[in-house]
Amino acid sequence: MSQEKDLLDRLERKGLSRRDFMKYCGALTATMGLSSAYVPKVAAALKNAPRTPVVWLAMAECTGCAEATLRTTYPWIDTLLLDVISLDYNDTIMAPSGEAAEKSLHDSVTKNTGKFLLVVDGSIPTGADGNFGVVGGKKMIDVIKEIAPKALAVICIGTCSSYGGLPAASPNPTQAKSISEVTGLKTVNIPGCPPNPINFVGTVVNYLLFGKLPALDDKGRPLFAFGQLIHDQCPRRSHFDAGEFVTSFNSEEARKGFCLYQMGCKGPNTYNNCPAVKYNEGTSWPVQAGHPCIGCSEPNFWDKSAPFFKSIS
Ligand code: SF4
């Protein structure tokens, strides 16, 4: 059975029709900022590309990023992802444990040095000589320093690995730091708390299609996803321009969908594509649901965003 048929058959068993698959490819292509002419190429990349070896390390994190990526409302996203990449090691979902898990990490890194993508969620505790973060007797700081330089590229999923995130919030008792701060490497950052899974898939598919990682902004974020302010894409923007603001959640203005700026919305300072791609199969996103943006994809989240309900002016 060909790889293409194999993938589509397995997606079909998970309830995804060919039509659904092409619809997803269309949404992914648009998210990547490519014209619709690329839809068949994106579909072909997903179906036929050689599987890129991936090592996924979970550091100081809450597992929300892995949950968001692998257990979305799309019941088939894990099948799709695991076909597109060869997930050789993942702390969170792998079956082996103990010495067998350590061996699979060692074997994958040794066999694929310079060829594997390293995906990391979670920041690195550096306080107490790294002893706040120890897995299997090894300090996270030592693991990341050993493995990251051997990767083809490092993709940070979520704000914690990208910029320190919640573990690094003041007073940061574990002295948590981002992957780039600890390793000195330039990382591809897909921040968010949690990040949108389609931005991760788009980053990987960009590599499969063009043989390189996507263009990044000065904070290491793919421009296709983080090139615009939320404020400039927001469906409530006309209310902002008209000076129509919500000043209480239980109010007529809130029910009318007025702007959430005075409720603390950080959309004017936050780069992300939430208004375009939304969450939960494109169902909604915080501002659509009536909650101000908390700026979770920016460096220094959460200190910079808190208090969440205080206006940034
Ligand atoms: S709700 Fe937030 S992002 Fe939307 S227009 Fe108002 S301030 Fe900007």
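1. Packing of H2 and H10. In this predicted model, helix H2 (residues 18–31) packs against helix H10 (residues 197–210) at an angle of about 80°. The two axes lie 10 Å apart. Angles of 65 to 115 degrees count as roughly perpendicular, and H2 and H10 are therefore roughly perpendicular to each other.

2. Who makes the contact. H2 contributes Tyr24, Ala27, Leu28 and Thr31. From H10 come Ile198, Asn199, Val201, Gly202 and Val205. By class, the residues of this contact are six nonpolar and three polar. No charged residue takes part in the contact of H2 with H10.

3. Geometry of H10. The helix has 14 residues. From first C-alpha to last, H10 reaches 20 Å. That is close to the 20 Å expected at 1.5 Å a residue. Just after H10, glycine 211 takes a positive phi of about 70°.

4. Burial of H10. This helix is mostly covered, with eleven of its 14 residues buried.

5. Serine 170. This residue sits in the loop between helix H8 (159–163) and strand S8 (176–177). Is serine 170 buried or exposed? Exposed means over 50% relative accessible area; serine 170 has 58%, so it is exposed.

6. Serine 170 and valine 42 are 128 residues apart in sequence. In space, their C-alpha atoms are 42 Å apart.

Technical notes: Residues numbered from 1 in each chain as written. Predicted model: local features only at pLDDT ≥ 70, side-chain atom pairs only at ≥ 80, totals over all residues. Heavy atoms only, no water. Helix = DSSP H or I, 4+ residues; strand = E, 2+ residues; numbered from the N terminus. Buried < 20%, exposed > 50% of the residue type's maximum accessible area, 1.4 Å probe, protein only. Axes fitted to C-alpha atoms, helices over the stretch in contact; angles between N-to-C directions. Parallel < 35°, antiparallel > 145°, perpendicular 65-115°, else oblique. Contact = heavy atoms within 4.5 Å. Nonpolar A, V, L, I, M, F, W, Y, C, P; charged D, E, K, R; others polar. Expected span 1.5 Å × (residues − 1).
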